[in-house]
Amino acid sequence: MTALSTVRLQREPFDAAAEAAKFTRGRSDIGALVTFNGICRGDEAGEPIAALTLEHYPGMAEAEIERHVAEALARWPLMGVTVIHRYGRIVPGEDIVLVVTASSHRAAAFAAAEFLMDYLKTRAPFWKQVEKAGEKTWVEAKATDDAAAGRWSGRQAAE
Amino acid sequence: MTIKLRYFAWVRERVGKPEEDIEVPAGVGTVAELMTWLASRGEEYAHAFANPQVIRAAIDRSHVKPQTPIKGAGEIAFFPPMTGG
């Protein structure tokens with residue numbers, strides 16, 4: 001089984017529904033399609049924000065995401081994976097990241113999407129800066145994100 | 001040994017530049033030693049590398065640990081813990 005995989009970094013918005021539909025068009029062997037959208041929230045620590053700006057390490061960000069997509073393909077029986085991550089200035093309500101996983105059954109699709117998101121949070125070289133009341137501050141990494149990524153080490157792949 | 005250094009997020013802001021080519025003196029053998037040496041290069045570097053334990057590093061676009069040797073590296077990047085996704 002050859003799985004289709006796409007990794008893209010871009011400044012522009014993406015169309016999540018169109019990206020997901022690419023997997024199922026003209027075929028009927030995919031029984032589970034998980035689409036995760038990470039969206040810019042309008043508040044941070046109870047205060048309204050104007051925007052997020054995402055900085056990334058060009059070259060390494062793509063390579064790091066590709067490595068984790070390859071690992072997901074090796075761990076779960078997937079028919080397709082798409083990861084799109086935006087960079088630059090993003091305002092509340094806009095999408096930041098998209099993960100789509102396709103499989104015959106839901107367990108693999110859910111698990112792979114969660115695995116990819118957990119690793120994107122902690123290993124992909126992106127940094128968020130938040131604009132709040134005219135001030136810009138760097139978002140601090142969360143210990144809960146490290147814990148979420150850590151749970152995939154040594155765990156068996158879902159059936 | 002000349003190495004390209006790249007800085008991201010607040011490490012870049014504190015150092016005051018996104019990248020530079022530097023001549024690493026003999027005796028600087030690991031990523032941790034490189035951070036210690038960089039911290040001695042001036043006020044902005046001292047500020048950027050004041051807490052090396054919170055700074056992450058990559059050699060030639062792969063994550064590495066502080067004890068990793070830098071011999072043969074083409075590009076070394078320093079940055080805070082990542083907050084993407």
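I looked up the sheet in chain B and found it open, with five strands in the order β2-β1-β5-β3-β4 and mixed pairing. Helices (H or I, at least four residues) and strands (E, at least two) are taken as DSSP runs numbered from the N terminus, and two strands pair if DSSP finds at least two bridges between them. At the edges I noted β2 (19-23) and β4 (62-64) of chain B, each of which pairs on one side only. From one strand to the next the twist averages 30 degrees, with axes fitted to C-alpha atoms and angles running from 0 to 180 degrees between N-to-C directions.

This is a predicted model, in which local features need pLDDT of at least 70 and side-chain atom pairs count only at pLDDT 80 or more, while totals for chains, interfaces and linings use all residues. Residues are numbered from 1 along each chain as its sequence is written, and chains are lettered from A and ligands numbered from 1 in the order in which they are written.

I then followed β3 (residues 56-59) of chain B, which pairs with β5 (residues 75-79) of chain B in the antiparallel sense over four bridges; B:R56 has B:F79 in β5(B) as its bridge partner.

In chain A I checked helix α3 (residues 106-122) against helix α4 (residues 143-150), whose axes, for helices fitted over the stretch in contact, come within 9 Å and cross at roughly 135 degrees. The two helices are therefore oblique to each other, since angles under 35 degrees count as roughly parallel, over 145 as roughly antiparallel, 65 to 115 as roughly perpendicular and the rest as oblique.
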